[in-house]
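Let's take a walk through a protein together, one step at a time.

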Amino acid sequence: MVAISRRLRKVLKYLLLISCATLSIRYIHFCVLNYCITYEEYNLEKKYYNVSNDILHKYDELRRRNLRHGLKISSSSYHDNILDEEYDEVRESSNKENAVLLMLVRNWELSYALKSMRSLEDRFNRNYNYDWVFLNDVPFDAAFIEATTLMASGETKYALIPSSDWDRPDWIEDDIFEQSLNDMEKQNIIYGNSKSYRNMCRFNSGFFFRQKILDQYDYYFRVEPDVEYFCDFPYDPFQVMRQQNKKYGFVISLVEYESTIPTLWKTVREYIELNNDQTIDTSSDLYQFITDWNDIRTPRSRVEPTDRYNMCHFWSNFEIGDLNFFRSKEYIRFFDYLDSSGGFYYERWGDAPVHSIAAVLLLRENEIIHFDEIGYMHAPYFTIPQSEYFQLKQKCICDQTEEARIDFSGISCLTRWWKHGSGKKFMRETYQS
């Protein structure tokens, strides 16, 4: 019995060893087979990836994707080379243009002025050190001069606006003017009862560029107190203006309060008819920007084209312009005609529609530029570059609610600019096809 038991144990031991060996062989076979299949799938996937990648990048030289490090960029920029590393190097090594940062400001607005300066210095001017010029209808006090001088990276200059350029002219009839103030106050029109606001609008429309302190400069960047710039500037806008022969630049376009300019367009039409010797093309795309009521967002079949002002204008609290355009006899003649009507005081004409209409009438389409790569806020509205990649690249910080973003709101004129202005040619071609 003992011998049989030992023999049985040996048999069982051998059977166990054979079973283990069999399982090991099957497992090794499974692993090898699985590896072969995986390797084959990998090679096939690699082959297809290479074919797909070759097709994807076949036309890189045409669409410039090779400059974007393999990322698919959704940028609304008008400039093909805005994301190029080479463009950054050129920007950083560029010389300054003959330009100035310009602020119309009061002494009591010092804290707001410093806020705007700090933002623009951080986002742009610390790399270029452009001069700052400050204008006021009363002398600047020592505290204002000291604080702004220390805040600026460039030289600071201060000028007192002559009374003849600022105050209400003698030929404005006091009784009509006072009645207008009362009427607009009753209608709750914004700044409707403000005398100083009217002085400011008239000054910005026809006299800021005549200040002697600006005679040495070719370009200006209008900076308002209490504004903010959300992103690093990807270029020197003054350099863009000169290199591309631009005369006027903006970031926001929207409709004007109709109650502030009831007879402005009528006066403009009278000017056009009286000055038919001056080249004003009322059939141009640029003219359509301020007269076309058929927005891209509006079905074409429902709105007929007119020659009635649609209230679209460039928001002039941010504007970069060629001072020589405003110094031109064509612009001065245009402003003088508007001024002679008394509309700056009997109504409440703003400098934004005046600048915008003048630019449309006197400039060519490609002489106006939309700086859509610049993030900017003037309460209550703001704009910021559309591309998320671009926002990251330019270190944009914006804590505003999306509702305050003006670009695609109901009062924005940006899509009309895309339709009629310079830059977004594909929008026009798509819309008109």
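Predicted model: local features only at pLDDT ≥ 70, side-chain atom pairs only at ≥ 80, totals over all residues.

Residues are numbered from 1 along each chain as its sequence is written, and side-chain values use heavy atoms, with hydrogens and water left out.

Our first stop is tyrosine 158, which lies in strand S3. Helices (H or I, at least four residues) and strands (E, at least two) are DSSP runs, numbered from the N terminus. Which residues does tyrosine 158 touch, not counting residues up to four places away in sequence? The answer is Phe134, Phe140, Phe144, Ile145, Thr148, Thr149 and Ile213. Take phenylalanine 140 from that list: this residue is 18 residues from tyrosine 158 along the chain, and the two C-alpha atoms are separated by 7.5 Å.

Tyrosine 158 has polar partners too. A polar contact is a pair of N or O atoms within 3.5 Å; within protein, one must be able to donate a hydrogen and the other to accept it, and residues adjacent in sequence count only if both atoms are side-chain atoms. The side chain of tyrosine 158 makes such a contact with the side chain of threonine 156, at 3.3 Å. A polar atom of the tyrosine 158 side chain also lies 3.2 Å from the backbone oxygen of isoleucine 145.

How much of a residue can be reached from outside? Buried means under 20% relative accessible area, exposed means over 50%, and partly exposed is in between (1.4 Å probe, protein chains only). With a relative accessible area of 23%, tyrosine 158 is partly exposed.

Now let's step back to the sheet. Strands S3-S2-S1-S4-S9-S6-S10, in that order, form an open sheet of 7 strands with mixed pairing. The edge strands are S3 (156-160) and S10 (368-370), each of which pairs on one side only. Two strands count as paired if DSSP finds at least two bridges between them. Look for tyrosine 248, whose bridge partner in S9 is glycine 321.

Strand S9 (residues 319-322) also holds glutamate 319. In an unreviewed entry, UniProt lists Glu319 under "active site"; UniProt positions are given in the numbering used here, feature names are shortened, and annotations may be inferred rather than shown by experiment. Is glutamate 319 buried or exposed? Glutamate 319 has a relative accessible area of 1%, so this residue is buried. Leaving aside neighbours within four places in sequence, glutamate 319 is in contact with Tyr220, Phe221, Arg222, Tyr248, Gly249 and His355. With tyrosine 220 there is a polar contact between the two side chains, at 3.0 Å.

Another glutamate is worth a visit. Glutamate 97 is found in the loop between helix H3 (85-93) and strand S1 (99-104). At 12% relative accessibility, glutamate 97 counts as buried. The side chain of glutamate 97 makes a polar contact with the side chain of arginine 242, at 2.6 Å.

Our last topic is the disulfide, a pair of cysteine sulfur atoms within 2.5 Å. How many disulfides does a search of the whole structure find? It finds 2 disulfides. One joins cysteine 231 to cysteine 396, with 2.0 Å from S to S. The torsion about this S-S bond is about 115 degrees, so the disulfide is right-handed. Both cysteine 231 and cysteine 396 are buried.

Cysteine 312 and cysteine 413 form a disulfide as well, with their sulfur atoms 2.1 Å apart. This link is left-handed, with -85 degrees about the S-S bond. Cysteine 312 lies in strand S8 (residues 312-314) and cysteine 413 in the loop between H16 and H17, so the pair ties together parts that are 101 residues apart in sequence. Cysteine 312 and cysteine 413 are both buried. Counting bonded cysteines along the chain, the disulfides follow the pattern 1-3, 2-4. Cysteine 398, by contrast, is in no disulfide, and the nearest cysteine sulfur, that of cysteine 231, is 7.9 Å away.

Key
Contact = heavy atoms within 4.5 Å.
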